Amino acid sequence: MTGILDVVYAEYNYWIYVALMMIGFYAMIAKKNLIKKVIGANIFQTAIFLFYVSLADITGGTAPILPHVHGGEHVEHAADVIYTNPVPHCLILTAIVVSVSTTAVALALIIRIYNEYGSLDEDVILAARKSLQPEFSEYARQKSVDEVSRQ
Amino acid sequence: MTGFDLIATHLPVLTVVIPLIAGFLTPIVGWIDRRLPWYWVMLATLVILLITLSNLATVITTDTIHYKLGGWNPPFGIEYVIDLLNGFVCLIIAFIGFMVAIYSKESVKKEVPGKTTQFYTVFLLLITGLMGMTITGDIFNFYVFLEISSLTAYALIAMGDRGDGVVASFNYLIMGTVAASFILLGIGYLYAVTGTLNMADMHNLLPDIYENKVVLAALAFFMAGFSIKVGLFPLHAWLPDAYTHAPSTASALIAGLMTKVGVYAMVRFMFSVFTPAFVIDVNMTEILTWAAALAIIVGSVFAIAQSDIKRMLAYSSISQIGYILLGFGLVNVIGITGGLLHIMNHAFMKCALFLVAGAVFYKTDIRNIYQFQGLGKKMPITTTVFLIAALSMIGVPGTVGFTSKWYLALGSIEADQWIFVAVILVSSLLNIVYFWRIFDNIWFGHPHEIENIKRDEAPLTMLIPMVILAILCVFFGFFSGYPIEQIFEPLATTLLGGVP
């Protein structure tokens with residue numbers, strides 16, 4: 001019997017990756033708190049790491065290290081040993097470093113934002129910026145200044 | 001002589017290595033003397049400029065350069081490939097980098113006080129990232145350089161206006177992370193189906209498996225990611241804030257280069273990793289042209305509504321990116337020639353305009369265009385540069401903007417898409433509207449004490465790069481024949497491959 005559960009179970013790591021990615025994406029878009037956005041970004045990136053690592057794996061695979069190479073003796077049945085693919089692991093090590101640095105930059109920015117506005121809530125920051133710099137009404141303000149000076 | 005030969009074989013990789021090492025040495029240079037980093041950055045960018053010139057000359061006279069990093073052969077090792085396309089984009093990066101480096105001295109001193117050394121460090125690292133993105137032939141290496149350039153851009157933007165700059169930078173960071181993650185996913189998908197990371201190898205392997213849905217998903221991820229990176233219309237939300245609130249020097253560099261390199265990457269993936277036939281087949285080019293047409297119109301309309309000059313230029317950038325992508329979306333030789341030409345032209349024009357905005361801000365602390373009255377008398381050279389670059393942006397004959405718009409219009413006609421000709425015309429009219437407000441204020445404004453305005457020109461280090469860029473805008477307006485025949489048309493033909 002191949003029900004939907006079997007389909008999910010057969011490649012459950014990919015389903016987890018999709019679910020995690022969507023959770024992270026949702027947090028990045030919908031959350032108002034800046035820290036939660038960064039957490040969302042981290043979940044998103046972790047999901048991608050999971051995807052890469054699942055990509056590399058193969059059933060019954062082992063670490064890609066040649067057995068018994070020291071001592072000069074040749075490896076017997078080397079073809080029988082199944083290795084997992086090391087390339088995605090290397091790639092994802094790099095991507096993890098990138099992710100860590102992005103998080104570091106984001107947190108540094110958040111500290112400065114907090115010092116400036118005293119809040120981490122997007123709405124509060126937006127309101128504070130609007131009151132400081134009414135960009136769209138700049139023309140109207142200029143107009144009224146001109147009119148006052150003309151009178 | 002042998003020493004020179006030794007270096008000559010490594011010229012391709014030096015374009016990335018020199019700014020990287022120079023970037024990390026900048027703090028030491030700045031520690032020796034605070035005034036030194038400016039000379040140091042100028043030296044580094046000048047060296048890169050010469051190297052990229054030599055690389056491009058080699059590519060034109062002989063053939064594509066393949067450089068194997070560490071001697072590992074291509075499908076396994078990382079390969080740097082310089083062909084006409086990225087040789088030319090590298091040259092633009094190095095040239096604009098050099099110009100902005102010359103300009104930066106006074107501007108950085110004023111706008112980023114006390115942090116000039118850090119600014120220049122990040123500046124060189126941004127050049128590294130952009131160079132690496134352009135020159136690499138390996139898609140994962142590309143991702144790493146993409147992140148280097150993004151992270152440095154966040155840092156540069158955060159150095160801008162107190163508060164606003166940081167918020168703009170954070171918003172860009174969130175959007176940029178989504179974009180980079182999409183691109184990383186796309187790379188993973190392509191690796192899963194082909195088992196290679198080399199672009200040329202992938203280009204050969206992919207045609208057999210085009211019916212595979214994973215390839216389609218990868219293309220979709222790439223296009224979504226790059227659309228965020230270049231600020232294509234519905235995904236442009238990060239761009240205006242980031243350009244407006246960055247320090248003027250950083251705005252000029254980022255506006256001139258970041259989006260161009262994003263477009264280059266998009267083109268590289270569309271035509272050199274996938275094949276043009278496949279991209280046309282899944283209607284990606286058609287989607288691109290319509291999105292671009294929308295961006296052209298909406299960007300111009302938004303630009304009219306702005307009163308901050310940098311914000312206006314940022315919206316104008318969104319519309320100009322639309323032009324470039326329209327050219328590539330048309331997928332015919334003339335359209336792509338126009339798109340390539342517009343990459344160069346827009347780098348010159350937009351860089352010049354942002355430099356002017358920075359120079360005006362440096363002298364007067366004004367960014368609101370309704371306060372520009374009398375500026376034509378106060379800063380005649382700066383405003384003349386602005387006039388030339390803005391006319392070029394509008395597309396007046398005799399400037400570079402005209403040539404590329406002409407090619408784009410011809411390309412649209414050849415593709416039987418008359419509506420895009422109309423879009424280009426309407427957008428040019430809208431360009432006149434938003435630039436005319438500034439001309440009007442600069443030369444025809446009537447402040448009460450216009451007689452008392454003294455000539456107060458920007459310092460020479462600012463004037464030289466602006467004037468050079470303005471001269472180039474006019475020069476290539478009259479003499480665009482050589483680059484078009486030598487670089488852009490052959491390039492467009494090769495990019496398209498066998499597709500009519």
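In what order do the elements of chain A run from the N terminus on? The points below answer this and then turn to the interface and to chain B.

1. **Architecture of chain A.** The model is predicted. From the N terminus on, the order of elements in chain A is α-α-α-α-α-α. Chain A accordingly holds 6 helices and 0 strands. Of its 151 residues, 20% count as buried. Where contacts in chain A link residues at least 6 apart in sequence, 51% of them join residues at least 24 apart.

2. **Interface between the chains.** Contact between the two chains involves 29 residues of chain A and 27 residues of chain B. On the chain A side, the elements giving two or more residues are helix 3 (34-56), helix 4 (86-117), helix 5 (122-132) and helix 6 (138-150). Helix 4 of chain A gives the most to this side, with 13 residues. By residue class, the side of chain A that touches chain B comprises 18 nonpolar, 5 polar and 6 charged residues.

3. **Helix 5 of chain B.** This helix covers residues 116-135 of chain B.

4. Gly114(B) lies in the loop between helix 4 (84-111) and helix 5 of chain B. Gly114(B) has 8 other C-beta atoms within 10 Å and is therefore exposed, the cut-off for that class being 12 or fewer. Between Gly114(B) and Arg34(B) there are 80 residues of separation in sequence, while their C-alpha atoms are 9.3 Å apart in space.

5. **Helices 18 and 20 of chain B.** Helix 18 (residues 400-414) and helix 20 (residues 460-478) of chain B pack with their axes 7 Å apart, at an angle of about 45°. Helix 18 of chain B and helix 20 of chain B are therefore oblique to each other. From helix 18 of chain B, the contact draws on Val400(B), Phe402(B) and Thr403(B); from helix 20 of chain B, on Cys473(B), Phe476(B) and Gly477(B). These residues divide into 4 nonpolar and 2 polar, with no charged residue.

6. **Helices 17 and 20 of chain B.** Helix 20 of chain B also packs against helix 17 (residues 380-394) of chain B, at an angle of about 30° and with the axes 9 Å apart. Is the crossing of helix 17 of chain B past helix 20 of chain B left-handed or right-handed? The crossing is left-handed. Helix 17 of chain B contributes Ile381(B), Thr382(B), Val385(B), Ile388(B), Ala389(B) and Ser392(B) to the contact. The residues from helix 20 of chain B are Leu463(B), Met466(B), Val467(B), Ala470(B), Cys473(B) and Val474(B). In this contact, 10 residues are nonpolar, 2 are polar and none is charged.

7. **Helices 15 and 21 of chain B.** Helix 15 (residues 333-364) and helix 21 (residues 481-496) of chain B have axes 9 Å apart and pack at an angle of about 125°. Helix 15 of chain B and helix 21 of chain B are therefore oblique to each other. Helix 15 of chain B passes helix 21 of chain B in a right-handed crossing. On the side of helix 15 of chain B, the residues that meet helix 21 of chain B are Val333(B), Ile336(B), Thr337(B), Leu340(B) and Leu341(B). Their counterparts in helix 21 of chain B include Ile484(B), Phe488(B), Glu489(B) and Leu491(B). The contact divides into 10 nonpolar, 2 polar and 1 charged residue.

8. Asn283(B) is placed in the loop between helix 12 (276-281) and helix 13 (284-304) of chain B, whereas Val331(B) is in the loop between helix 14 (309-329) and helix 15 of chain B. Is each residue buried or exposed? Asn283(B) is exposed, because 9 other C-beta atoms lie within 10 Å. Val331(B) has 26 other C-beta atoms within 10 Å and is therefore buried, the cut-off being 20 or more.

Definitions and conventions: Residues are numbered from 1 along each chain as its sequence is written. Chains are lettered from A and ligands numbered from 1 in the order in which they are written. This is a predicted model: local features need pLDDT of at least 70, side-chain atom pairs count only at pLDDT 80 or more; totals for chains, interfaces and linings use all residues. Helices (H or I, at least four residues) and strands (E, at least two) are DSSP runs, numbered from the N terminus. Two residues are in contact if their C-beta atoms, placed from the backbone, lie within 7 Å. Ala, Val, Leu, Ile, Met, Phe, Trp, Tyr, Cys and Pro count as nonpolar, Asp, Glu, Lys and Arg as charged, and the others, Gly among them, as polar. The expected span of a helix is 1.5 Å times one less than its number of residues. Axes are lines fitted to C-alpha atoms, for helices over the stretch in contact, and angles run from 0 to 180 degrees between N-to-C directions. Angles under 35 degrees count as roughly parallel, over 145 as roughly antiparallel, 65 to 115 as roughly perpendicular and the rest as oblique. A crossing is left-handed if the near helix is turned anticlockwise from the far one by less than a right angle, and right-handed if clockwise.
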